[in-house]
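Dear colleague,

Please find the structure below, followed by a summary of what was found in it.

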Amino acid sequence: MRFLLVLSIFAVFVTAFPLFDLIPDLRSTFNSLINSSPFQPDNIKDKVIKLGPDEFKLVSEAEKLNLKRQNKNFIDITNQIPIEQAIEQGLINAPTNSIWDRLFLLGAKQVKTLKKTIPVYAYPTKVHYENEVKGLYEFIDIDLVFKKLTKFSSFFSRYYKSPHGLDSANWLYDEITSLVSNFKEIETLKIHHDGWDQYSIIVSIPGEVKDKVVVGAHQDSANLILPNIMRAPGADDDGSGSMTILESLRVLLKACEDGSFKPYNTLEFQWYSAEEGGLKGSIDVFTRYSDQNETVVGMLQQDMTGYTQGSIDEGVEPHFGLINDYTSVELNNFLKLIIKNYNKISYLETQCGYACSDHASALENGYPSSFLIESEFKYTNKYIHSVMDTIDRLDFDHIKEHIKLTIAYAYELSLAKKLY
Ligand SMILES: *[C@@H]1O[C@H](CO)[C@@H](O)[C@H](O)[C@H]1NC(C)=O
Ligand SMILES: [Zn+2]
């Protein structure tokens, strides 16, 4: 208490006497003292993050944001493995820097460790529904995708902790339910998360078996300068992927409607919350699936599907970026087959590091996953995480290729039977 009192007297003093402005060093020292003080909730080390397959760290919210600003990705597993257990298992050291950090150890709950082994499935080695799938492509409505993405990127931000992020989730949920409302058997679920308001959304088209084929994208956006107060249109990251899978769903429903398509495996479309907070929505979704012993035979993430200027500027033809680190080799091979048969563009293999998008949450829980991005990683959109991630920079012909890919992937894999 005495420390607080001294701080507040000092604060009043500094504010009241402009003389202090003549001594900028003193003022900035004071500011950094305030900003790094344990009394700032953002500076309490109460988050367990995973920075690599065997690299865990106890950090504060402010440190998480700084890692994101340095393009260092991680999974925030605080809700999955509480601090006390992470310490017990030797994953992290007990915090020692302040009494406040240590207080957070009280009240920790018990949760099981995350799984690691990934089963290998026998994915199709040739396509079986070329006429049916290509017949659906005429229903792809790129003007509609443009309209929907215009709306989705017009929210002030879709930051998962801001009220705008809840508004955008509600808009998305209404869009989805209006598409599927005529289908009695199709379920749309809001997945609420512990600690923030923006929920994840799952559409489930039941198959003959419960094994799941999953298509995913993240609905949240973030301005990494000041996420709580700055605009984040997130047109490419990941408005583009969110609208890519929304349009793919809309088109596939045409085939559900006329009875020509009924999945064998259960087909799910998932829009995750809080990817920008360290895959928090998707790690919750897939940890729940793992806890419920659900089987996911393949998860495909699409995060950033619309930017080609980076490639064009370097004289490289637009192409897909097929992520080949921390993804499933077998599922990637299946994707290559789909691209070869269904797309007019090709792919380049590329890497994005550990936990670079939500497919990592599936993999973390023992589910094979892939990630297809707009181009080789070095040519991807450099305007993301800022006010400049806008729709005018995007190439809708390219988004259409991602939609064609998604429809083909969903159709072929949800009808694949002999996977074991
Ligand atoms: C999942 O499987 C494990 C091991 O077979 C079993 O102990 C557990 O009860 C199952 N959980 C559910 C929700 O079915
Ligand atoms: Zn993203």
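Residues 9-22 keep a pLDDT under 50, pLDDT being the predictor's confidence in each residue, from 0 to 100. For this stretch the model has eight contacts beyond four places in sequence, a contact meaning heavy atoms within 4.5 Å. Residues 105-114 also stay under 50, with 24 contacts beyond four places in sequence. Where pLDDT is low, the predicted coordinates should not be read in detail. The average pLDDT of the chain is 90, and 85% of the residues score at least 70.

This is a predicted model, in which local features need pLDDT of at least 70, side-chain atom pairs count only at pLDDT 80 or more, and totals for chains, interfaces and linings use all residues. Residues are numbered from 1 along each chain as its sequence is written, chains are lettered from A and ligands numbered from 1 in the order in which they are written, and side-chain values use heavy atoms, with hydrogens and water left out.

The zinc ion (ligand 2) is coordinated by H218 (NE2), D237 (OD), D303 (OD) and D303 (OD), at 1.9 to 2.4 Å; donors are N, O and S atoms within 2.8 Å of the metal (3.2 Å for Na, K and Ca), and sites may look incomplete because water is not among the atoms. Along the chain, these donors follow the spacing H-x18-D-x65-D. H218 and D303 are both buried, that is, under 20% relative accessible area (1.4 Å probe, protein chains only).

Of the 420 residues of the chain, 56% count as buried.

Conventions. Buried < 20%, exposed > 50% of the residue type's maximum accessible area, 1.4 Å probe, protein only.
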